[in-house]
Amino acid sequence: MGTGLYTQLLDLACGVFLIAAVLVLWYRELSAIVRVFAMQGVALGVIGLLLGLHEQRWGLVGIAVGVSVLRAGVLPYLMRRSLTAAGQTRETQPLVNVAASLLTAAALTLLAYAAAQPLVQLAPSPATRALPVGLAVVLIGFFALVTRRRAISQIVGFLLLDNGITASAFLATSGVPLIVELGVAFDLLLAVLVLQLLTLRMRTAFGDTDLDDLRELHD
Amino acid sequence: MTSPSSGLVPYLAVTAQVLVVVGGAPLLTGLMRQVRARMEGRAGAGVAQPWRDARKLLRKEAISPVGTGPAFRLTPLLLVASTAVIAALVPLASTDTPFSARADLILVVALLALGTVSLALAGLDTGTAFGGMGASREMTIAALVEPTILLSVLALSIPAGSTSLPAIVAGRIHDPNRLASPSGLLAIVALAVVTLAEAGRLPVDNPSTHLELTMVHEAMILEYAGPDLALVELGSQMRLAVLLGLLATLAAPWGIATTSSWAALALALPLLAAKVALLGTGLAAVEVFWAKLRLFRVPELLAGSFLLAVLAVTASYFLTGA
């Protein structure tokens, strides 16, 4: 694979990765959000795959395949199942309205770019130059996590955050060791399963998955 | 590119561009209406119907409502004239024109805004409820659209190192890698969304409605009749054609003449017509399946497209291949 083509494809995958994070903020339909999350999982897998092929590290290729199976297949499947169980498909009122959260995402991207500059200058290469993308997705995921009300969209925010961390690891250090990656993957799977169970319990208790209702537990 | 060369062809290219836009814009609208009609199972009025409408309107007596001032009377001329100037500036068929040194992005956006503002002033000038409502809606949309157009084309101008449109287009022709870069793609998508908003097409404004809840453009021109109405219609058709032409030029710049030769120009004009017709047909086809957005959700759409433009600009800094 030529360097030019590698750079192009890597940048394209990073672009798709960032756009998916933005679309999560844009959509209101929860099923569409899950679809976009799956797309982001594919983009993340492609980033890892390209890095692995470029540096001829076959372990990384394996990790990339595993990551994309988990993030584009298993997790969206689990979320879709808890969506059909919860019955509610719309994020009715995020705490920050959509236009404002899109503008916030723009500001967060610029912040990530500014914050990543010293890191990029340590060893400039096509992969490290794309590092701000990973940081931006971390920040956007955190933003989605704190401004959304429904349990499912908070899960997506959390997973977005983790996708960003994984992408940063890929881009900065060409991936973490296999054993760490496996640990993270199982942690994630467990977290989503627990959250799915929690969503179901909330639904049976309140008939809703709006997390603001949970304050009644304090009484 | 930026230094105009001598000879007859550059002047001919500009004349041809303006003539194609003026003559072809009503045909483009007719084509889009015809595509829409066919897809909805109607026979349609034919591609040349907008020209027949214009002929009919031009034969009528010129009337202007009592109490309207110069803003109402000058707007049709200003709208058509400013759009014709844009058609001459934008490198639709050739990047080598006598005006290419002045074909700056900021000038083009300012001319677009001039047309929008004069139309809004004309809507206010009539003093009717609809005119004022349409004008206020149009200005709301325009305030969100102009920065996005500027930003998205700025993202394309960073690799070219110049905000001159011919330089951007020529750069994109000579370096096709830029076409598929994330920054370029994001900018084109952002530009496509604002083109729909600026031209008053479906998700933002429905061009074929007269329902007071939804209309934006139609509300401002309700009081026009006769030749003035023909000019306003022609102006908005030309705006659509120019904006689609700009989008096609930036997204798929192949075939645009970069030198002043007869053969290149002869190839560029039919290609331009084909590209714009293709874009128009595609737009009309998707419009059949789209519903108009609620007015309160339009800022969301435009904020999204602004974000895409910002990402395009930042991506061109932090991605190597952009």
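Glu287(B) and Arg36(B) pair up in a salt bridge, 4.0 Å from N to O; the term covers a side-chain nitrogen of Lys or Arg within 4 Å of a carboxyl oxygen of Asp or Glu. The pair ties together distant parts of the chain, with Glu287(B) in helix H10 (residues 262-287) of chain B and Arg36(B) in helix H1 (residues 9-39) of chain B, 251 residues apart. Helices here are DSSP runs of H or I with at least four residues, strands are E runs of at least two, and both are numbered from the N terminus.

This is a predicted model, where local features need pLDDT of at least 70, side-chain atom pairs count only at pLDDT 80 or more, and totals for chains, interfaces and linings use all residues. Side-chain values use heavy atoms, leaving out hydrogens and water, residues are numbered from 1 along each chain as its sequence is written, and chains are lettered from A and ligands numbered from 1 in the order in which they are written.

**Salt bridges within the chains**

- Over all chains, the structure has 7 salt bridges.
- Glu287(B) is buried, at 2% relative accessibility; with a 1.4 Å probe and protein chains only, buried means under 20% relative accessible area, exposed over 50%, and partly exposed in between.
- Arg42(B) bridges to Glu40(B), and their closest N and O atoms sit 2.7 Å apart.
- Over in chain A, the side chains of Glu55(A) and Arg57(A) form a salt bridge at 3.7 Å, N to O.
- Here Glu55(A) is partly exposed with a relative accessible area of 33%, and Arg57(A) is partly exposed with 36%.

**Where chain B meets chain A**

- The contact (heavy atoms within 4.5 Å) draws on 23 residues from chain B and 25 residues from chain A.
- About 2200 Å² is buried between the two chains, and carbon and sulfur atoms give 73% of that area; buried area is the accessible area (1.4 Å probe) that two parts lose on being put together, summed over both.
- The rule finds 1 salt bridge across this interface.
- Arg28(A) and Glu300(B) form a salt bridge, with the closest N and O atoms 2.4 Å apart.
- On chain B's side, the elements giving two or more residues are helix H7 (182-198) and helix H11 (298-318).
- H11(B) supplies the largest share of that side, 13 residues.
- By type, chain B's side divides into 16 nonpolar, 5 polar and 2 charged residues, where Ala, Val, Leu, Ile, Met, Phe, Trp, Tyr, Cys and Pro count as nonpolar, Asp, Glu, Lys and Arg as charged, and the others, Gly among them, as polar.

**Chain A's build**

- Chain A has 8 helices and 0 strands.
- Of the 219 residues in chain A, 50% are buried.
- Helix H1 (residues 3-26) of chain A has 24 residues and spans 34 Å from its first C-alpha to its last, close to the 34 Å expected at 1.5 Å a residue; the expected span is 1.5 Å times one less than the number of residues.
- H1(A) has 18 of its 24 residues buried, so this helix is largely enclosed by the rest of the structure.
- Looking at chain A contacts between residues at least 6 apart in sequence, 77% join residues at least 24 apart.
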